[in-house]
Amino acid sequence: MILRPALLAFCVASASAGDEARVADACYGDPSALVREAEDRLQMGPGSDREAREQARQLYRSARRQGASIAELLRAADLAETDGDLEEAGDLLSRAAEMDPSRLAASDLLLLAFRAEGRGRRREAIAEYEELRRRLRTTGDDAAWISARIDQLEVEIEADGIVSPAPPLAPPPEARLALAESQRALASGRLREARGNVELALRLSPSYVEALVTLGALETREKRPSQAIRAYRSALKADPQRFEALVGLAHLLWSAPDRRAKEESLALLDRAVSLRPEVRSLLRTSAARWAEWGDAQRALERLDAYRKGATEAERRETDPLREALTRPVRGEIEEPPEAAAATEAPTAASEHWRMAQVYLQRGDPASIDAALLHLAEAERIDPRFAPAPELASAIYEKRGDRAAAETALRRAVRADPSRASSYERLATLLSRDRARSLEAESVWRQADEAGSTEAAFYLGEAALRRGDRSRARVLLARYRAQSPDGAHAETATRALESLERSRRAWRTGEIALAALGLAAAGAALYRYRLGRTFAGWLAERESAAAAARPLVGRLRHEVLKHGGLVLSDGAAALERDEASPRREAASLLVERIYGAGAAGSEGLIAEAVAALRGIEGLAKESGARLNLRYRDPNFSPVFQGLESLRRVERDLRRIAGAGPGNPDSPRRRRRAAVSVRVAAERFQSVSGPELDRILDRAAGLALRAEWLRDLLSRVAAEKRCTAPVLELLGGWNGGPGSARLAVRITPGDWETIWRNLFANALLAGSREGRAVGRLGLAAESGRDPITGQALVRVTLADDAPGELDGETIRNRPADRGWGVVLELVRRHDGAIRIASPAPLAAGFRKGIVLELPAASA
Amino acid sequence: MSARTVLVVEDGTEYIEAFRRLAGAGEHFEFLRAGDAQEARRILAERPVDAIFLDVTFDRIAPERLEGAIEPLTERFGGDRRRAERHLASQQGFYVAAALADAIPRGTRVFIAFDFSSEPERLEALRKRLPELEGMREGTPISRVLDRMRESRPMSDSV
């Protein structure tokens, strides 16, 4: 439509003023007229460029209402760009590009690319850049910068698909404690307690990754897959690289009868494999699942990776699967759904982390360098952002720079000590160096403390390597309880089964061995530690000394005296060259040691055994068990000597019976001589006088006048009479009141004797109706005139009238009074008699003389 | 070297057998045996001996053959004759030594099978009656005893 000039002027005026409302529909009937007018305005002088351009732009807008050609669009875009209105310019260019992109200049394309970037439309920007790059290459211009720009945009697009880890927030100690309690309870099967504690941990720290993983394991164990999935997803939201969560969730999703779930499962498992390529069981599982899914290529890749480090048996096991992986893949493999986005806005550090992830996945050296730069920037922005050094370590490890990887992981541990995955990765890295296995184990322990489930498995393996089966069993069982679908569950189960088989196989032997060992230990204990010595027994049972003395005497006589007499010379005679002396000596030894037959003695061995048994029997009667054979230094050589003599009996009899038709051998003679000489030496090491001293110590009593006076007072009090003064008469060595005389008697029997003596003396006085006037005490040492034996005589003299003689006291009943005294005196090889007081002192009528063998004081 | 004559006084034959069978070759010893003090006295009256060896315990002979005054001993032991007999038997060697003291020529070695090592005063007391008396420590071999018997004079208290 061609507008009349007036109307045209009106339209232009209105359009110039931007008053669209005044522009009548009639004005739009001729857009070309508006365009011409716009150009005319632009032809005006420089002083009105801006205003003219504005008016022109308005006219062009009006013209576009009715449609615009690409030339008009481009022209309008130029004008807008000139005015700095890139937004409108971009819009116009975009419309023009839709019509004919070839009409756009390179600058136009660049503008569109910038515009798209500004709007966050990276793919759109990439398209524009790609067109620009093509255009420039066509003209021979440099387009390298465009490629870099496109690459950057592509990385950003990929990074958008990666979930950022949650901002680091160390769980409070209470939460960590609650988690530890939960894990312990879970390992022990106390599920309710485990749940209570893990829920507490999560209330205290909602994004506590290890607690979420534990919750996932608990829910799995209690067959609540939905809840388990939710827990694992939450864990991955907080830490997308959490290995146990990846594996746990992958297993759960694979079990779901849902295609999308299975797809996600496969992706999760792949992520887990990329994190832990050394966990070969995951590779095998991944291969099997991809095969089941129908992706033969992926399945083959993973299967071949597994077979690379497989044993011959493992390769044979997987041969059928490999052969079967020949079917072409049908259907599309849908892109796995994006993981749940973090609820919190990604931080700047996490943005760089995501970028680094993308570059890392590319794998080329330039990309890896770029990844490291981004990670360094992430660490700089937030030193507590542990995922950054953690990922950096993975990069260094890929490069083969273990030292740098370790350094990075240690930074990660310092950045967030509560982050179990950092410890896990550090321990895994260290374990690759056998020389640092102990260090690795230490780090696994730290991971365990941080709540790592996987740590229990590796610590269990370490214990197994050390041979600590019981510890290994506990740890592996804990892992299996905490992570029933964990990456190592199958390995842990096999190990536990093997341990159980070994345990059962050894059990029977162990029981027998334990019984033997127990018996041996018990025998050894019994032999060497239990039981009393002779001296120890007598020290507590002095009353047994009198009965033991003749037994000891018999032992000394038979073994020490007679044994010593013949054994040494007999041994020497056995080695003589002449046969006759040898036979004589052997014959003598046989008689003396083993007995001379029915008419003769029992022999040294029999006599000794009888004496020893007698001593042991005495002890047994008193409730004590002696260990003379192994514990007693005085008797043990006797047993040893006897044993030596027992062993040589056969040889001695052969030598004694040797003759021309039955010669003995030099070897036998030497052997016999040695055994007999050994016995002689053993017996010679026993000291008879020492045995006597032991007996005297047990039953040796120093005489004390004061003690007797005290006893007299007590007896008088018991008899309700006045105690007479006990006068000390001559004979107490060392002066009155003390005597260095000692007698062989037990204190108890000594007191009994004197009680009776004092009681009789007091009684004699009371019968006569008067108190006993005087009592005198005398003591002297002497010797038996024939035997020379040392004796002690103690005399109790009194002035009581009446006849008392030996016959009188002899006929008293043994259960009372004099009878008791006589019996006790006899028991201790003593004697008692009534003596005239004349030698004692004037005023005394009689004296009761008590004679006892002297003891070594 | 002329043979040395040894009178062994014992109620059995253990000592004399040991002497005879273990004496080394070339040993010049003649061993005589007496079963009690009376027999020993008779032998001593018949021929001189170079040494006397006394057993201590004579528990295999009849009590009436035991040397020693049984009645005082019985009295001493409170009328217990059996005890007195047992005492005599167990200490008979001492009683034999006491009984033969006058009949033993001076310089004749007298060995008694008793260990005085813990009771040196006892030996001293007995030597008042029998100066040539020697004891025998437990474990002393026959050869040592014979060595002592060969010596002309006692070198120590006990063999």
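Student: How many residues of chain A are in contact with chain B, and how many of chain B with chain A?

Tutor: First, a caution: this is a predicted model. Now the contacts. On chain A, 39 residues are in contact with 40 residues of chain B.

Student: How much area do chain A and chain B bury between them?

Tutor: About 3,200 Å². Of that, 50% is on carbon and sulfur atoms.

Student: How many salt bridges does the rule find across the interface?

Tutor: Look for a side-chain nitrogen of Lys or Arg within 4 Å of a carboxyl oxygen of Asp or Glu. Across the interface of chain A and chain B, the rule finds 6. One case is Asp784(A) with Arg76(B). Their closest N and O atoms are 2.8 Å apart.

Student: And how many residue pairs are in polar contact there?

Tutor: The count between chain A and chain B is 17, with both residues at pLDDT 80 or more.

Student: Which elements of chain A give two or more residues to the side that touches chain B?

Tutor: Helices H28 (545-574), H29 (579-594), H34 (688-698) and H38 (817-827), plus strand E6 (831-835). H28(A) gives the most, with 12 residues. By type, that side of chain A divides into 13 nonpolar, 12 polar and 14 charged residues.

Student: Now chain A on its own. How many helices and strands does chain A have?

Tutor: It has 38 helices and 7 strands. The chain has 857 residues, and buried ones make up 50% of them. Take contacts in chain A between residues at least 6 apart in sequence: 62% join residues at least 24 apart.

Student: Is H11(A) mostly covered or mostly open?

Tutor: Mostly covered: 12 of its 13 residues are buried. Among them are Val209(A), Glu210(A), Leu215(A) and Thr220(A). Just after H11(A), Lys223(A) takes a positive phi of about 60°.

Student: Where is Asp295(A) found?

Tutor: In the loop between helix H15 (280-293) and helix H16 (296-308) of chain A.

Student: Why does Asp295(A) count as buried?

Tutor: Buried means under 20% relative accessible area. Asp295(A) counts as buried because its relative accessibility is 4%. Its side chain reaches the backbone nitrogen of Gln297(A) at 3.3 Å.

How values were computed
Residues are numbered from 1 along each chain as its sequence is written. Chains are lettered from A and ligands numbered from 1 in the order in which they are written. This is a predicted model: local features need pLDDT of at least 70, side-chain atom pairs count only at pLDDT 80 or more; totals for chains, interfaces and linings use all residues. Side-chain values use heavy atoms; hydrogens and water are left out. Contact means heavy atoms within 4.5 Å. Buried area is the accessible area (1.4 Å probe) that two parts lose on being put together, summed over both. A polar contact is a pair of N or O atoms within 3.5 Å; within protein, one must be able to donate a hydrogen and the other to accept it, and residues adjacent in sequence count only if both atoms are side-chain atoms. Helices (H or I, at least four residues) and strands (E, at least two) are DSSP runs, numbered from the N terminus. Ala, Val, Leu, Ile, Met, Phe, Trp, Tyr, Cys and Pro count as nonpolar, Asp, Glu, Lys and Arg as charged, and the others, Gly among them, as polar. Buried means under 20% relative accessible area, exposed over 50%, partly exposed in between (1.4 Å probe, protein chains only).
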